[in-house]
Amino acid sequence: MGIALKDIEMEISGVLEVIDESGETELTEEQKADIESYLAELGQQEADKIDGFVGYCRMLEKQAKALKEEAAYLEARAKTRENTLKFLKQSYQGVMEQNGLKKLSGQLYSVSMRESKSCRVEDESLIPEEYWTVKTTRTLSKADALAAMKRGESVPGCAIGITHSLMLR
């Protein structure tokens, strides 16, 4: 798998620390050449590690996109199946209602009409208040709170947070 990026960075820091502590004047030309060569090798390992990391991230992004597209495709296929099922059920129900049938049986399955009651709203303005439910939602506007804090205003319970994100280029 190779050396980890953090190990490469630690090694580079260690070499630079040795140079700082000893001072370049105390090093022989051969030692300076060896250090320069080693730092170049570590730099190449670092570059290879970054290229591998970003390449792997790009591959994961492409796979995630492909999976999302596949999920959307499968969702569309499922919706088509649901619509087909709804159409078929409505067709059978229509035939049974037209012919006054309550139940039909095959050798394995049967279909039957079931009656259920529901509330059909004809005029909402006539419905008494006791049958209404009031829903209230409270949502914090972080954008407004941040804007106020940036203007120098104090917003109790809030503080400006600093976040960092990794950019891949």
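A salt bridge here is a side-chain nitrogen of Lys or Arg within 4 Å of a carboxyl oxygen of Asp or Glu. With that in hand, welcome to the close-ups of this predicted model.

**Figure 1. Lys-65 and Glu-69 pair along helix H2.** Their side chains meet in a salt bridge, 4.0 Å from N to O. The two residues both sit in H2, four residues apart, about one turn of the helix. Lys-65 counts as exposed because its relative accessibility is 51%, and a cut-off of over 50% applies to that class. Glu-69, with 47%, counts as partly exposed.

**Figure 2. Arg-58 and Glu-61 form another pair in H2.** Here the side chains join in a salt bridge of 3.5 Å, N to O. Both residues belong to helix H2 and lie three residues apart, about one turn of the helix. Arg-58 is partly exposed at 30% relative accessibility, and Glu-61 is partly exposed at 43%.

**Figure 3. Arg-151 meets Glu-153.** The closest N and O atoms of this salt bridge are 3.0 Å apart. Arg-151 is exposed, with a relative accessible area of 58%, whereas Glu-153 is partly exposed at 42%. This pair is one of five salt bridges found in a search of the whole structure. Side chains of opposite charge can pair when their charged atoms come close.

**Figure 4. Helix H2 from end to end, and what covers it.** H2 runs over residues 29-98, and its 70 residues should span 104 Å at 1.5 Å a residue; the end C-alpha atoms are 102 Å apart, which agrees. Its buried residues are Ile-35, Leu-42, Val-54, Cys-57 and Met-96. Their cover includes H1, strand E1 (103-105) and E2. After the helix comes Gly-100, with a positive phi near 65°.

**Figure 5. A nonpolar patch on the surface.** Tyr-92, Leu-101, Leu-104 and Val-111 make up this patch, and together they have about 330 Å² of accessible area. Val-111 lies in strand E2, residues 110-112. At 36% relative accessibility, Val-111 is partly exposed.

**Figure 6. Confidence across the model.** The protein has an average pLDDT of 91, and 98% of the residues score at least 70. Among its elements, helix H3 (residues 142-150) has the highest mean pLDDT, 95. Helix H1 (residues 5-22) has the lowest, 87.

Notes:
Residues are numbered from 1 along each chain as its sequence is written. This is a predicted model: local features need pLDDT of at least 70, side-chain atom pairs count only at pLDDT 80 or more; totals for chains, interfaces and linings use all residues. Side-chain values use heavy atoms; hydrogens and water are left out. Patches are made of residues with over 30% relative accessible area and no salt bridge: like charges are joined within 9 Å, nonpolar side chains (Val, Leu, Ile, Met, Phe, Trp, Tyr) within 5 Å. Accessible areas come from the Shrake-Rupley method with a 1.4 Å probe; for residues, only the protein chains shown count as cover. Buried means under 20% relative accessible area, exposed over 50%, partly exposed in between (1.4 Å probe, protein chains only). pLDDT is the predictor's confidence in each residue, from 0 to 100. The expected span of a helix is 1.5 Å times one less than its number of residues. Contact means heavy atoms within 4.5 Å.
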